[in-house]
Amino acid sequence: MKFIGTLEVRVEDEGKYRILLKPLAFISVNIGDVISVPEGYRTDYASVPRILWSILPPTGRYTKAAVIHDYLYEYGECTREEADFVFLEAMEDLGVSYLVRHSMWLGVRVGGWVGWNKYRKV
């Protein structure tokens, strides 16, 4: 597991979103594939409830993992559980502490269904 590329973005919508200026990829052992997020993809980084921002802000050591996770939720050809495990795997690769990465992973397991379902409405 490892990231390929650096995270280069421009800010949009008064700081709410970031647009990738270069592709970002992650080689996942969990799903046995390379996840490639294309240039131009729009992300809000980690979708942490505002009340928790003092302890888990939307950006941090886990930011690149959040971009991969956002992309998998929106376009990934995998299950939600697989996307969440890729998020955990990517955070580990980035050196995010055990407590932080497992707290964030638990957060997406509990509340991620909202975002997941948003992209799967017919």
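Contact here means that heavy atoms lie within 4.5 Å of each other. The exercises below concern a predicted model.

**Exercise 1.** Determine where Lys64 lies, whether it is buried or exposed, and which residues it is in contact with beyond its neighbours within four places in sequence.

*Solution.* Begin with the secondary structure, where Lys64 is found in helix α1, which covers residues 63–75. Next, consider its charge: Lys64 is buried and yet has no salt bridge, since the nearest side chain of opposite charge, that of Asp93, is 6.7 Å away, whereas a salt bridge needs a distance within 4 Å. Finally, once the neighbours within four places in sequence are left aside, the contacts of Lys64 are Phe3, Gly5, Leu7, Leu24 and Leu94.

**Exercise 2.** Work out how helices α2 and α3 are oriented to each other, and name residues that make the contact.

*Solution.* Take the axes of α2 (residues 80–93) and α3 (residues 98–111), which come within 10 Å and cross at roughly 165°. Angles over 145 degrees count as roughly antiparallel, and α2 and α3 are therefore roughly antiparallel to each other. The contact involves, among others, Phe85, Leu88 and Met91 of α2 together with Met104, Trp105 and Val108 of α3. As to handedness, α2 passes α3 in a right-handed crossing.

Conventions
Residues are numbered from 1 along each chain as its sequence is written. This is a predicted model: local features need pLDDT of at least 70, side-chain atom pairs count only at pLDDT 80 or more; totals for chains, interfaces and linings use all residues. Side-chain values use heavy atoms; hydrogens and water are left out. Helices (H or I, at least four residues) and strands (E, at least two) are DSSP runs, numbered from the N terminus. Buried means under 20% relative accessible area, exposed over 50%, partly exposed in between (1.4 Å probe, protein chains only). Lys and Arg count as positive and Asp and Glu as negative; His and the chain ends are not counted. Axes are lines fitted to C-alpha atoms, for helices over the stretch in contact, and angles run from 0 to 180 degrees between N-to-C directions. Angles under 35 degrees count as roughly parallel, over 145 as roughly antiparallel, 65 to 115 as roughly perpendicular and the rest as oblique. A crossing is left-handed if the near helix is turned anticlockwise from the far one by less than a right angle, and right-handed if clockwise.
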